[in-house]
Amino acid sequence: MTIIGVDDTDSRRRGMCTTYLAARIAERIAAAGGRVDERLLIRLNPAVERKTRGNAALAIHTDLDADRAAELARDELEPLAETDDPRTAPGLVVTDCEAAEVPDAVTQFARNAVREMHDLDDALALADDAGFHTVGWAGGHGRIGALAAVGAAGTFSEWTYELIAYREFDRCGTPREVDEETLFAAADDAYPEAWDTVDRGEAEAVCVPSAPGPILYGLRGDDPEALREMASKIDSEPVERTALFRTNQGTDAHLRDVATDDLATLDDGRAYRVDCVVAGQPETREGGHVFVPIRGESGDPIAAAAFEPTKRFRDRVRALRTGDELTVCGEVSDGTLKLEKFAVRALDRTELATPTCPDCGNRMSSAGRDQGYRCRDCGTSAPRKVAVDVERDLELGWYEVPPCARRHVAKPLVRGGFDAPTHPER
C-alpha cells in the first residue's frame with residue numbers, strides 16, 4: 001500500500017488547484033492498473049500566513065507500489081504546478097505503507113498542523129525518520145502539508161465529504177456558467193445533508209468559486225449520495241471530471257478548547273473555543289467592522305471582532321451588552337479574536353432607568369448632582385436609578401457567521417453536536 005501526499009501547487013494569481021492535481025493523479029493510478037482506496041482533502045491551520053486560499057493538502061491511498069506512484073505523481077505535478085508564483089512551493093511525500101502503519105509521530109504532526117505552525121526542517125526530518133520519499137519544488141515548503149496529509153487518516157474522528165466538479169481545462173480564466181436557479185433548488189432539496197452550498201441571505205452561490213482555476217463548483221455535506229444526487233440537478237457548462245474527497249471540512253478541527261481566566265494569554269495564529277464575559281458595548285468602526293471587548297475572570301479585556309464580510313452576523317454582535325456571558329470561537333490575530341461563532345450562555349436582561357413616580361406614573365427628574373430624583377408634580381423622590389426589564393434581540397444558544405463568510409474547516413451549526421440550542425444560518 002502507498003499514500004501520496006501533495007500540497008502547495010496552486011496560485012492566488014493564476015488559479016490551479018491542488019484538488020485538481022490529486023484528481024488527475026488518482027485517474028493516472030487507475031489507468032495504470034492501481035486501485036484508489038481513498039482521496040483525502042485536509043484543511044490545515046487557516047492562520048498560516050503563506051497559504052494561498054483554503055490551505056488544503058491532499059492525500060491519495062492506493063495499492064500501487066511507491067516507486068510507480070511517485071513517478072505518476074511527479075508526471076502530473078510538474079506541468080501543472082504554478083511554480084512561477086513566488087508563494088507557490090510544491091511538495092510531494094510518498095509512503096510505502098498503509099494508513100495503519102504510519103508512525104504515531106506523523107499522525108501527531110498531522111493533528112498539530114491544523115492548530116499549530118510547523119517548520120519545514122522538522123517535517124523533512126520526520127519524513128526521513130519514517131523512510132518516506134519526499135520531493136520539493138521552488139523550496140518545497142508544501143512538503144509540510146503533504147506530510148500532514150499522509151498522516152491525516154489516523155488523526156481526525158469526524159469527517160465530512162466534498163464532491164468537486166471540474167471545468168474543461170481550457171475554460172479556466174473565463175466566467176463560470178452555472179445556472180443559479182437549479183443550483184439553489186438543488187441546495188434546498190439536499191439541505192441539511194449538504195450545507196454551505198449557497199447563502200440565501202446574500203443570494204450568493206457559495207459553492208462556485210470566483211478565483212481563476214479548474215473548479216466549477218464544490219458541494220459539501222455529510223452524505224456522499226446526497227452530494228451526487230445534488231450534482232445531477234445542477235445545470236452548468238460541461239463538467240470535465242468529478243472527484244469525491246473525504247475531508248475534515250466543517251468539523252471545527254482547528255479549534256482548541258482552553259480554560260483560561262486571562263484572555264490576553266491566547267496566542268496569535270491559533271484558534272480557540274473559550275468562555276468569556278462581554279466587558280463593554282459593541283462598537284462599529286470604519287468599514288463596517290464590529291468590535292466588542294471580552295474578558296475572562298481576570299486580566300485585561302481583548303477585542304472580539306466581526307468583520308464586514310461576515311455581513312448579518314455583525315447584527316448579532318451589535319446586540320451584545322456588557323455582562324452577557326459567552327463562549328466564543330475564532331482565530332486570534334494581533335491580539336484580536338476574529339469571531340466565527342459564539343454561544344450566548346446568559347443575557348443581562350435589565351438596565352438602569354430613571355424612576356417613575358409611584359403616585360402619578362410620570363418619569364421623575366434629576367434633583368441635582370448626587371441628590372437622586374424627584375417628581376416635579378407630586379414631590380415624591382427616589383435615591384437612584386432603578387433596574388427595569390428590557391427585551392433582548394438575542395436568545396440563548398449558538399450563532400454563526402453566514403455561509404458566504406464561513407471558513408472551510410469551521411463547523412456549521414446545522415451539523416449538530418453543539419451543547420446549546422442553535423440558530424443556523426442558511
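Me: If contact means heavy atoms within 4.5 Å, what percentage of the contacts in the protein chain between residues at least 6 apart in sequence join residues at least 24 apart?
Reply: This is a predicted model, in which local features need pLDDT of at least 70 and side-chain atom pairs count only at pLDDT 80 or more, while totals for chains, interfaces and linings use all residues. Residues are numbered from 1 along each chain as its sequence is written, and side-chain values use heavy atoms, with hydrogens and water left out. For those contacts in the protein chain, the value is 70%.

Me: Which strands are the edge strands of the open sheet of 9 strands?
Reply: Strands are DSSP runs of E, at least two residues long, numbered from the N terminus, and two of them pair if DSSP finds at least two bridges between them. The order is E5-E4-E1-E3-E2-E9-E6-E8-E7, with mixed pairing. Strand E4 (residues 91-94) and E5 are antiparallel over 4 bridges, one of which joins leucine 92 to valine 135 of E5. Pairing on one side only marks the edge strands as E5 (133-136) and E7 (194-195).

Me: How are helix H3 and helix H4 oriented to each other, roughly parallel or roughly antiparallel?
Reply: The axes of H3 (residues 104-113) and H4 (residues 120-130), both DSSP runs of H or I of at least four residues, come within 10 Å and cross at roughly 150 degrees. The contact is made by Ala105, Val106 and Phe109 of H3 with Ala123, Leu126 and Ala130 of H4. Because angles over 145 degrees count as roughly antiparallel, H3 and H4 are roughly antiparallel.

Key. Axes fitted to C-alpha atoms, helices over the stretch in contact; angles between N-to-C directions. Parallel < 35°, antiparallel > 145°, perpendicular 65-115°, else oblique. Contact = heavy atoms within 4.5 Å.
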